Amino acid sequence: MLNGIINIATRRWRRIFPERQIYIRSHGQVRYLTFPPVVQLAILITVTLSGIWIAIASINFIYKDEKLAARDQQIKEIQGAYAGVSADMAQIQQRFLTATLELEAKHRQLAGLVNHGAQPAQKPGLSKSPNQLLPASAKPVLDKKAVGEVFDSNVRALEARLANVKDAQSGLILSFAKDADITIVALEKLIAQTGLDVAQVVRRAGKAAPATGGPLIPAPNTASKDTPGFHKLSTSLERLEMLRETLFSLPLAAPVSKYSVSSGYGYRSDPFTRARAFHSGIDLVAPRGEPVFASGPGIVIFSGRNGPYGNMIEIDHGQGIHSRYGHLSKINIARGDKVGLRDLIGLVGSTGRSGTPHLHYEVWFDGKPRNPGNFLKAGRDVFQRQG
């Protein structure tokens with residue numbers, strides 16, 4: 001039975017792949033090439049695999065092209081996103097300023113009316129009362145008790161209105177404090193996504209550069225300071241401004257507009273030695289000459305050739321945070337230059353220990369490398385929230 005199966009398979013094999021010959025005539029001579037069944041099978045497998053590879057490569061190219069186009073659009077919204085965060089903060093402060101000034105004006109007006117009503121109506125010798133201007137026959141007989149009751153009623157009405165103003169002021173302050181706390185939690189989560197210790201970074205930011213500038217909010221009088229929630233709101237606004245300044249100082253923007261990640265942060269097989277080695281950054285593949293931008297504001301502390309990095313730039317963003325940009329084909333800034341978010345600093349290249357054009361991007365904190373992918377992810381979340 002086994003021999004029968006083998007014979008059937010052999011006949012089908014020869015029928016599908018019979019020995020084929022290709023004849024070639026040249027200079028009056030005829031030559032031929034013989035293709036045995038095994039060679040035909042190898043050619044068929046090679047052609048099939050090549051077709052599958054071409055199909056997969058085409059699909060992958062289309063997918064990456066769409067993904068890069070989407071990322072490019074996202075990068076274009078970065079400046080608007082940061083402006084949106086600033087506008088939200090300014091709006092909260094402006095709302096508080098306007099409402100506080102209006103309530104304070106009403107407060108002073110009502111308090112003045114109460115104080116004025118409590119004082120004597122006139123001083124002796126300065127003017128005459130309405131009764132003194134009337135003839136004796138026309139002078140009404142006034143009921144002092146009734147007049148006093150009317151006056152007391154007016155004072156109580158004014159005091160009630162004043163109390164309502166204070167209640168409204170208190171409610172407004174508590175509402176602003178609640179809004180500020182919600183924003184504070186959101187900003188703290190965004191900073192924590194980078195892997196940094198929020199309290200440590202904010203504390204350093206406060207010591208290095210206390211928050212200055214912004215809309216002028218005059219200090220309310222003593223009565224307003226006693227309003228429930230006033231101290232809480234003051235503390236929350238100070239914390240909110242500190243977090244905003246800290247967030248804007250971090251390197252959160254992508255340093256190139258269009259890229260794909262060829263090698264991530266952490267241990268990997270070294271592309272040259274194939275041995276296990278630690279990769280202190282991420283490799284962002286982009287065409288040679290593609291613009292490289294500062295991922296956050298700061299000061300350039302290195303600009304030049306640096307061993308395996310090739311042409312490299314290092315930026316100090318404050319609070320112990322640095323970013324590095326390696327393998328550049330061109331450097332556009334010098335040491336000591338101040339750069340802002342998305343300022344052009346160089347061009348993608350393949351200098352140093354590099355096989356193909358790409359940007360080697362690193363983020364350091366207190367002298368130790370951190371995962372740049374966490375910073376880029378936090379940046380995307382910031383821009384999506386504002387988009």
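Does Tyr267 count as buried or exposed, and what is its relative accessibility? Select Tyr267 to begin the tour: at 56% relative accessibility, this residue counts as exposed, and please keep in mind throughout that the model you have open is a predicted one.

**First stop: a hairpin and its rings**

Six residues lie between the two strands of the hairpin, and if you select Arg274 you will find a residue with a positive phi near 65°.

Now show the side chains of Tyr267 and Phe278, which form an edge-to-face aromatic pair with 5.3 Å from centre to centre and 70° between the planes. Because Tyr267 belongs to strand E4 and Phe278 to strand E5, this pair ties together parts that are eleven residues apart in sequence. Phe278 counts as partly exposed, at 39% relative accessibility.

**Second stop: a buried pair of rings**

Next select Tyr325 and Tyr361, whose rings form a tilted aromatic pair, with 5.4 Å from centre to centre and 45° between the planes. Tyr325 lies in strand E10 and Tyr361 in strand E14, so the pair ties together parts that are 36 residues apart in sequence. Tyr325 is buried, with a relative accessible area of 0%, and Tyr361 is likewise buried, with a relative accessible area of 0%.

Which residues have the most contacts inside the largest nonpolar core? This core has 40 residues, and those with the most contacts inside it are Val292, Ile313, Ile315, Tyr325, Ile345, Leu359 and Tyr361. Among the elements that give two or more residues to this core are helix H5 (144–193), helix H8 (230–249), strand E9 (311–318), strand E10 (321–328) and strand E14 (358–365). Centre the view on Ile345 and look for the residues it touches beyond four places in sequence, including Val292, Phe293, Ile313, Ile315, Tyr325 and Val339. A second, separate core has six residues, including Ile173, Phe176, Leu233 and Leu237.

Select Arg342 together with Phe293, and you will see the charged end of Arg342 sitting over the ring of Phe293, 4.0 Å from its centre. Then move to Arg324, which lies over the face of Trp364, at 4.3 Å from the ring centre.

Show the strands of the open sheet that has the order E7-E13-E11, where the pairing is antiparallel. Strand E7 (291–293) and strand E11 (330–331) are its edge strands, each of which pairs on one side only. Two bridges join E11 to E13, and Lys330 stands opposite Leu347 in E13.

**Last stop: confidence**

Finally, colour the chain by pLDDT, which averages 77 over the protein chain, with 66% of the residues scoring at least 70. Confidence is highest in strand E13 (residues 344–347), at 98, and lowest in helix H7 (residues 222–225), at a mean of 46. Select residues 120–127, where the pLDDT is below 50 and where the model has four contacts beyond near neighbours in sequence. Residues 213–223 also have pLDDT under 50, and for this stretch the model has 13 contacts beyond four places in sequence.

Definitions and conventions: Residues numbered from 1 in each chain as written. Predicted model: local features only at pLDDT ≥ 70, side-chain atom pairs only at ≥ 80, totals over all residues. Heavy atoms only, no water. Core = buried A, V, L, I, M, F, W, Y, C linked by side-chain atoms within 4.5 Å. Buried < 20%, exposed > 50% of the residue type's maximum accessible area, 1.4 Å probe, protein only. Helix = DSSP H or I, 4+ residues; strand = E, 2+ residues; numbered from the N terminus. Contact = heavy atoms within 4.5 Å. Pairing = 2+ DSSP bridges. pLDDT = per-residue confidence, 0-100. Phe/Tyr/Trp six-rings, centres within 6.5 Å; stacked < 30°, edge-to-face > 60°. Lys NZ or Arg CZ within 6 Å of the ring centre and 35° of its normal.
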